[in-house]
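Have the viewer open while you read.

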Amino acid sequence: MRIFIMSPANCATGGPELLQQFARCLMDNGIEAYMLYPDAEGTNCPIPEVYWKYHTKYVSKYVDREDSVLVLAETMLHYMDLCQKGTVMVWWLSVNNYILTYKSLVKQNDWDVFGLKSRENLVHFVQSYYAKDFIYKCMGITNVYYLKDYINSEILEYASSYGDICERKNICLYNPKKGYEKLLAVIKACRKDIIWMPLNNYTPLEMAELMCHSKLYIDFGPHPGKDRIPREAAICGCCVLTNREGSAAYWEDVGIPESYKIKDSDNVTYVLEKIYDLIDHYEERTQEYSDYRQKIRQEKEEFLRETLDAIIILKAHIKDVEETGCNTKVAAEQIKMLESLQSAVIQMEELLCEAKDACLNNCTSKTIDKLLTLDYLIQVARESIYIELTELASLRREK
C-alpha cells in the first residue's frame, strides 16, 4: 500500500500540519507515504520550514495503481478523478471550507457535487463530529470513520511545565482572523483593566508562554472544524468562551461547559458579564474546564490509535495485486528515464560541493538554498524511480 497525501504547497495552517502529522505517523508504522503537492512547480521545497521536523517525503505526481491511496481533504475533491484504480480517502478536516470552495457548484441544495455517495472507491474520515453530522444530513453518507487530531506538542509540553506556576494577568486572548468583527463592540465597551491581545505571528512556544500568563481566550469565529487554538488555550490554563457556531455547537468537538457557549454573541452586555465573571473569579472558574483539559491531553494517543485503525480500513479497500512472470524487456523511453536519473545524480553531487563551499565560507542563506534545491532533486528522483518501478512491474504482470 502506498499513500499519497495531497496538500497545497508552502501553506502553514492547521489543516496542512495535520496532513504532515498523518504522513509521519504512517511512516512510523511502516507504511510508504508521500506528501503530494500538485502546485509545487517552480518551488525549491513545497514543505514550509516549520514542518521540516516531520521529515516527510514528497512528490508532485500521483501514481494510480490498485494498491495506491489518494488522501484528499474536503477542499481538494476536484482532484478525485486522478484516482481510477486505487482508493480515495476523503478526510473532512472542515465543513465551512468545503462550502466556500464548492458553493458555486451546488444545485437545488444538493451538497454532494461530486457524487460521493455513489462512488465505490471512496472511504470517508472526519476530524470532527460537526463534519460527520454535515455529510450525513446534507449528503446521506453514513459510513464514516473518525481520524481527529492533536494540539502542538511544544505547547502541551510548555503548559505541563509552566502552566501552574505562571502569574495570571487580566489578559483576554482572541484570534484576529476569526470572529474579530464580532468582538469589536465588546472590546470597546470592556473594562480598562482587561488587556486584549490578538494571537498573531507567534511561534508555538511564544503563544504557549502568552497563554500561560492569560486568564481567558474568546473565539466567536465560525469554527469550521475542531479548532486547535481553543484547545491550546485551555491546556495552558485559560478559560475559554465561544459562540455556538460550527463545531462549537457540539460538545464532542468543543467540550467546555455549555454555560460558556454564547448563543447571542451580539449581546454585548451579556458577553461582558461572562468575561468579568471568568476574569474576576478565574481561580474558581478554571476548575470547570478540568474534564476538557484531560480530554485534550489524551488526543495524541487517540490519534495514533485512530491512524492504526485507518491503516486497517484502507488496506481492506485495496485490491490485491498479484505479481506473475518476469520480463527483461525495457522500452526505449525507460532507458531515457534512467539516463535522466543519472544526470540528476551528477547535478546532486555538484550541489553538494556548492553547499559545502558555501558552508565553509559561512554563507548560511546560500547553503540553505543549495540544500533545498538538492532536496527537491532527491524527491523528483525518488518519484521518477517509483514511476519506473511501477511501469516495470506492470510489464511483468502483463507477460
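This is a predicted model: local features need pLDDT of at least 70, side-chain atom pairs count only at pLDDT 80 or more; totals for chains, interfaces and linings use all residues.

Start with α5 (residues 180-189) and α8 (residues 268-280): their axes come within 10 Å and cross at roughly 65°. Axes here are lines fitted to C-alpha atoms over the stretch in contact, with angles from 0 to 180 degrees between N-to-C directions; helices (H or I, at least four residues) and strands (E, at least two) are DSSP runs numbered from the N terminus. The crossing is right-handed, that is, the near helix is turned clockwise from the far one by less than a right angle. On the α5 side you'll find Ala-185, Val-186 and Ala-189, meeting Val-268, Val-271, Leu-272, Ile-275 and Tyr-276 of α8; contact means heavy atoms within 4.5 Å. By class that's eight nonpolar residues, no polar and no charged (nonpolar: Ala, Val, Leu, Ile, Met, Phe, Trp, Tyr, Cys and Pro; charged: Asp, Glu, Lys and Arg; polar: the others, Gly among them).

Next, α4 (residues 153-162) and α6 (residues 204-212) have axes that come within 9 Å and cross at roughly 35°, again right-handed. Among the residues involved are Tyr-158 of α4 and Met-207 of α6. This contact has eight nonpolar, no polar and two charged residues.

## The cores

A nonpolar core is a set of buried Ala, Val, Leu, Ile, Met, Phe, Trp, Tyr and Cys residues joined through side-chain atoms within 4.5 Å, where buried means under 20% relative accessible area, with a 1.4 Å probe and protein chains only. The largest core has 48 residues, and Trp-196, Met-211, Leu-216, Ile-218 and Ile-275 touch the most other members. Its largest share, six residues, comes from α8.

Trp-196 touches, among others, Val-186, Ile-218 and Ile-275. A second, separate core of 37 residues includes Cys-45, Tyr-150, Ala-310 and Leu-372.

## A buried lysine

Lys-226 sits in the loop between β10 (216-219) and α7 (229-235). It counts as buried because its relative accessibility is 6%. Its contacts beyond four places in sequence include Asp-149, Glu-252, Asp-253 and Glu-299.

Residues are numbered from 1 along each chain as its sequence is written, and side-chain values use heavy atoms, leaving out hydrogens and water.

Mean pLDDT (the predictor's confidence in each residue, from 0 to 100) is 88 for the protein chain. Residues 320-330 stay under 50.

Conventions. Buried means under 20% relative accessible area, exposed over 50%, partly exposed in between (1.4 Å probe, protein chains only).
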